[in-house]
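Subject: Structure handover and notes

Dear colleague,

I am passing on the structure below, together with some notes on what was found in it. Please read them with the sequence and the model open beside you.

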Amino acid sequence: MHAAQQVRDAGYRRWDCITPFPVHGLDGAMGLGRSKVPRFSLAGGITGFCTGMAMIFYMDRFDYALTVGGKPFFSPLFAFPVSYELTILFTAFATIGGMFFVNSLPMHHHPVLHYDKIRRGTDDLFFIVIERSDTRFDAATTRALLAQAGGTDITELEG
Amino acid sequence: MSHAAETSAEATAILGEVRPAVKPRAELVGHGRSFNWITEKICGIAEEKTPVWWWWCFGVACFVASFTVAGITYLVATGVGVWGHRSPVNWAWDIVNFVFWIGIGHAGTLISAILCLLRQKWRTSINRSAEAMTIFAVVCAGIFPVFHIGRVWYAWFLFPLPNSNYIWQNYRSPLEWDVFAVSTYGTVSVLFWYVGMIPDLATMRDRFASVGKTMKARIYGLFAMGWRGSARHWSNYEMAYLILAGVSTPLVLSVHTIVSFDFAVSLLPGWHTTIFPPYFVAGAIFSGFGMVLTLALPLRAVYRLEDLITQYHIDCMCKVILATGTMVGYAYAMEFFIAWYSSNPYEGFTFINRAFGPYWWAYFIMVSCNVITPQFFWFKSVRQNTVLVWVLAFFVNVGMWFERFVIIATSLARDFLPTSWGYYSPSIVEIFTFFGTFGVFSVLFLLFVRFLPIMAIAELKAVTPQADPHAGHGHS
């Protein structure tokens, strides 16, 4: 965590931490903003609700108005349960789709996936990755920064 | 005035000294196990050579499941008349079994979604298997209404797809609401389960890759979506998970509410009551936790998971059963009270008939299993006796099946006119079909245990003491 703060304060932009579980407070230490996923969810929810209402209006009132027990052809009240379920369905899909989109997943070719030791990043080790494309990247100073931050086993990856 | 000010100043001074008692938080992972131990333990279950007991159980489960296959095949080949439905009881075991299985599914969503929003960390060791249980229970539930249609090849008429009759679905019917509720519920449960599993699938991918099992690493890797544990990804992932929990909570409540609308919207005495939605939701959670314990306790014993499913977890689940069971008992009593208080002769008769009519035996089983059984969980010694907890949880399952049977069959069998009364008993085909669904459920659950991480590995690590970055700083 403190290592992440040091890398952040050194001004790096294109870097990352690899952790086996979500570490409480790490996004703050890395200087990450609030996730953008909720925007997708909101859009999905609104779409779902409107889809439900519009679909029922079109089918039962407009396209083939069916008389059942003298009830009105359309009322937002009886259309509500179905629209409500569609709101949830669309929100769920938008949230997951949005999460994959924001995270650029699926991505099976990321260079860290080809580094043997990173495999323990999903078990019990913690890593910091700094990309060479970062404007402040310099093999020697970056290495020194990571070593000073408490890093052991600093490796350069190709890819 | 000055006196009042003095008193309040004194009170503040005293309050400044009062400190709430420091009560240690219950340990969620026993024996201070390390991150690696958790990974080894959970992944080891899916990685080891298939144990002999698994094959035996799988064989028995397949045999039991064949009863459903046989029952359904016979029904499709002959017609829906092979079930014991006849006027006046045209809705019986099919809808009883449907509501029973859907209700069981609800505890999975409760554990994964509602307890997540309430920050109940004990959910982490049971949420994965409970969510699996949800999905498999929805599969079993779906069988009944779909085949009750009779001509199952027309099941697609339930969905708003254009057909040659140019008629659309009737959205004024709660049965159509149910189609949307249950299909949304099934879909969102699968999504929630899968998203929760992505980091753990990545763990399994990496473990298979490091021992050189390329084929397995590729298959698990495909489903892990290239997850690499990036903190930037975790941040979005946690937000997505929270939102999914946030939408699943109203979803699970709405699904059983809509299931209860199937009855409450009708005019039949005993069905036409406003207490149904909350009563059904409480009953669903009650039965679902019964099933979670029925599954989790043997799993804990077979795989020696005592450090992950601790006594604290069992206590929590027993208390949820106690609370919801008592709510269900209250609903039974309130139904009787309202039947009397409404002065409606049909309503009053229905309830007397439920308890003392031809189905008195079903009512008796229901009350003893659902109201009396959970009261044993007041006692700590009962909650600590795993075998007894398992037996009581089993009774809860039995009781909840009978609850649905009592509600549905008694109301239909004797409604308004004595000339149209009847008595329902199931046919052998119905009994076979229902019996077989336990096999279908077990087959799916055994496959889950064998091939997927049965606990949320990443979440378990996050609730261990060593994962807390504030450890020792005195704040949380």
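A place to begin is Arg304(B), which lies in the loop between H9 and helix H10 (311-341) of chain B, where helices are DSSP runs of H or I with at least four residues, strands are DSSP runs of E with at least two, and both are numbered from the N terminus. This is a predicted model, in which local features need pLDDT of at least 70 and side-chain atom pairs count only at pLDDT 80 or more, while totals for chains, interfaces and linings use all residues. Residues are numbered from 1 along each chain as its sequence is written, and chains are lettered from A and ligands numbered from 1 in the order in which they are written.

Phi of Arg304(B) is near 50°, a positive value in a residue other than glycine. Most residues other than glycine have a negative phi, and most peptide bonds are trans. Arg304(B) counts as exposed because it has 9 C-beta neighbours inside 10 Å; a residue is buried if 20 or more other C-beta atoms lie within 10 Å of its own, exposed if 12 or fewer, and partly exposed in between, with C-beta atoms placed from the backbone.

Because 19 of its 27 residues are buried, H9(B) is largely enclosed by the rest of the structure.

H10(B) has 31 residues and reaches 44 Å from its first C-alpha to its last, which is close to the 45 Å expected. After H10(B) comes Ser343(B), with a positive phi near 60°, and this serine is found in the loop between H10 and helix H11 (345-356) of chain B. Ser343(B) is exposed, since 8 other C-beta atoms lie within 10 Å.

**Around helix H4 of chain B**

The loop between helix H3 (52-78) and H4 of chain B holds Pro88(B), and the peptide bond that joins Ser87(B) to Pro88(B) is cis, with omega about 5°. Further on, Asn97(B) lies in helix H4 (residues 93-117) of chain B, and it is buried because 23 other C-beta atoms lie within 10 Å. Leaving aside neighbours within four places in sequence, Asn97(B) is in contact with Phe144(B), Phe434(B) and Thr437(B), a contact being a pair of residues whose C-beta atoms, placed from the backbone, lie within 7 Å. Asn97(B) and Cys140(B) are 43 residues apart along the chain, yet their C-alpha atoms are separated by 8.6 Å.

**The nonpolar core**

The largest nonpolar core has 169 residues, and those with the most contacts inside it are Ala137(B) and Val292(B); such a core is a set of buried Ala, Val, Leu, Ile, Met, Phe, Trp, Tyr and Cys residues joined through C-beta atoms within 7 Å. Helix H8 (residues 231-264) of chain B gives the most to this core, with 18 residues. Apart from residues up to four places away in sequence, Val292(B) touches Ala107(B), Ile126(B), Ala130(B), Met133(B) and Met317(B).

Chain A has five helices and two strands, which follow the pattern α-β-α-α-α-β-α along the sequence. Of its 159 residues, 40% are buried. The strands S1(A) and S2(A) run antiparallel and are joined by four bridges, pairing being called when DSSP finds at least two bridges. Trp15(A) has Ile130(A) in S2(A) as its bridge partner. From strand S2 (residues 127-130) of chain A, Phe127(A) and Val129(A) point one way and Ile128(A) and Ile130(A) the other way, and all are buried.

Where the chains meet, the contact takes 56 residues from chain A and 55 residues from chain B. On the side of chain A that touches chain B, H4(A) gives the most, with 15 residues. The residues of that side divide into 35 nonpolar, 12 polar and nine charged, where Ala, Val, Leu, Ile, Met, Phe, Trp, Tyr, Cys and Pro count as nonpolar, Asp, Glu, Lys and Arg as charged, and the others, Gly among them, as polar.

With best wishes

Definitions and conventions
Two residues are in contact if their C-beta atoms, placed from the backbone, lie within 7 Å. The expected span of a helix is 1.5 Å times one less than its number of residues.
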